[in-house]
Amino acid sequence: MAEFASPPLPHSAQASPAAAAGTGTGAGTGADVNVGVGVGAARGAGVGVGAWVGSAVGRGAGYLLQATDLHSHYGASHILHGIDFQIARAETVALMGRNGMGKSTLLRTMLGLVRATGGQVHVMGTNMTTAAPFQIARAGIAYVPEGRGIFPNLSVKENLIMAARAGRHGQADWTFERVMDCFPRLRERLAHGGAQLSGGEQQMLTIGRALMTNPELLILDEATEGLAPLVAREIWRIVAQIRQSGIATIIVDKNFAALSALADRIQILVKGRTAFSGAADALREQPELRQRLLGV
């Protein structure tokens, strides 16, 4: 898919408060630890967001997706309070926090589903703060929402085929057959309607549908919520396979052990602010901090 030839168009649509995380309550004040928001020396792009200057186009050019000083509201409720977030090509970032801390709202704001009330969002160096969700999707970002969002009246095959397209640069690595190889359980249920699938199979279908768009970045909100342990392990196996394929991934989930094994970095939100951003090992070595921020 070609890059946008003209600036993104503004939009006014905003999700309802019930559709994303609210402010909630919980431990921490929102500024407990920040061990660096850069990608790090291992990836050769350890540049903090404060170093970006100049025009809107070009800021964040080293990242697939970057939010800078991001704010959002639901009516009079201030949900996000100046969040900085970024992800580089082929990187995996875990976004964690107790319920109601703003994780889903952050994702939805970066994707244009909730309108930002302050700050900026850049997709591959282009300012898309006011872009419509479809424009952000066409820029190479695929979203697996909490609740899955499959088409219940379509068959498994129809759900997959309707999303199929080449990637932003014409890549077609994720074909129908490759998705079938990744999700053998779906191959057995191609004629089944979406509503006939189990929760785990619906999650597999939603991930498979996202992969059929050949994205450069895959966002999974509550990747294994409500799934049986055996099914959750299968989802984590699939996520690891996606990571190995080179697709950058943002994952929201509560399973610290699984996330820390996969993620290059972990970012934790507390009441709409970043309370921790750093390597998984750094958080693993601080059980008291982990307990305070996550309660796990």
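Buried means under 20% relative accessible area, exposed means over 50%, and partly exposed lies in between, with a 1.4 Å probe and protein chains only. By that scale D69 is partly exposed, at 42% relative accessibility. This is a predicted model: local features need pLDDT of at least 70, side-chain atom pairs count only at pLDDT 80 or more, and totals for chains, interfaces and linings use all residues. Residues are numbered from 1 along each chain as its sequence is written, and side-chain values use heavy atoms, with hydrogens and water left out.

Helices (H or I, at least four residues) and strands (E, at least two) are DSSP runs, numbered from the N terminus. Two strands pair if DSSP finds at least two bridges between them. Strands of a sheet pair through backbone hydrogen bonds, either parallel or antiparallel.

**The six-stranded sheet**

- Six strands form an open sheet with mixed pairing, in the order β7-β8-β9-β4-β10-β11.
- The edges are β7 (141-144) and β11; each has a single partner strand, so one side of each lacks a neighbour in the sheet.
- On average, neighbouring strands here are turned by 15 degrees against each other, direction ignored.
- Axes are lines fitted to C-alpha atoms, for helices over the stretch in contact, and angles run from 0 to 180 degrees between N-to-C directions.
- Helix α6 lies across β7 and β8, and runs at about 170 degrees to β7.

- Five of the five residues of β9 are buried, so the strand is largely enclosed by the rest of the structure.
- Both faces are covered: A248, I250 and V252 are buried on one side, T249 and I251 on the other.
- β9 runs parallel to β4 (residues 92-96), joined by four bridges.
- Four bridges also join β8 to β9, again in parallel.
- I250 of β9 stands opposite V93, and I219 also stands opposite I250.
- From β8 the chain crosses through α7 to β9, and this β-α-β crossover is right-handed.
- Right-handed here means that, with the strands pointing away from the viewer, the path from the first strand over the helix to the second runs clockwise.

**Helix α7**

- The expected span of a helix is 1.5 Å times one less than its number of residues.
- The 16 residues of α7 (residues 229-244) should span 22 Å, and the end C-alpha atoms are 23 Å apart, which agrees.
- Its buried residues are V231, A232, I235, W236, I238, V239 and I242.
- These cover an arc of only 160 degrees around the axis, which puts them on the same side of α7.
- The arc is that of the directions from the helix axis to the C-beta atoms.
- The face turned away from the buried side carries the exposed residues P229, L230, R233 and Q244.
- Contact means heavy atoms within 4.5 Å.
- The buried residues of α7 pack against α4 (176-182), α5 (184-187), α6 (199-211), β8 (217-220), β9 (248-252) and α8 (256-262).
- After α7 comes G246, with a positive phi near 100 degrees.

- T92 belongs to strand β4 and is buried, with a relative accessible area of 1%.
- Leaving aside neighbours within four places in sequence, T92 is in contact with R243, T249, I251, L262, A263, D264 and R265.
- β4 and β10 pair in the parallel sense over four bridges.
- V93 has R265 as its bridge partner in β10.
- F276 sits in strand β11 and is buried, with a relative accessible area of 0%.
- F276 and M96 are 180 residues apart in sequence, yet 9.5 Å apart in space, C-alpha to C-alpha.

**The four-stranded sheet**

- An open sheet of four strands has the order β3-β2-β5-β6, with antiparallel pairing.
- β2 (residues 65-74) and β3 are joined by eight bridges and run antiparallel.
- A67 stands opposite F85 in β3.
- Helix α1 (residues 103-110) packs on the sheet and touches β2, β3 and β5 (116-123).
- The direction of α1 makes about 115 degrees with that of β2.

- Most residues other than glycine have a negative phi.
- D69, found in strand β2, has a positive phi near 50 degrees and is not a glycine.
- K271 is not a glycine either, and has a positive phi of about 50 degrees.
- K271 lies in the loop between β10 (265-270) and β11 (273-278).
- K271 is partly exposed, with a relative accessible area of 35%.
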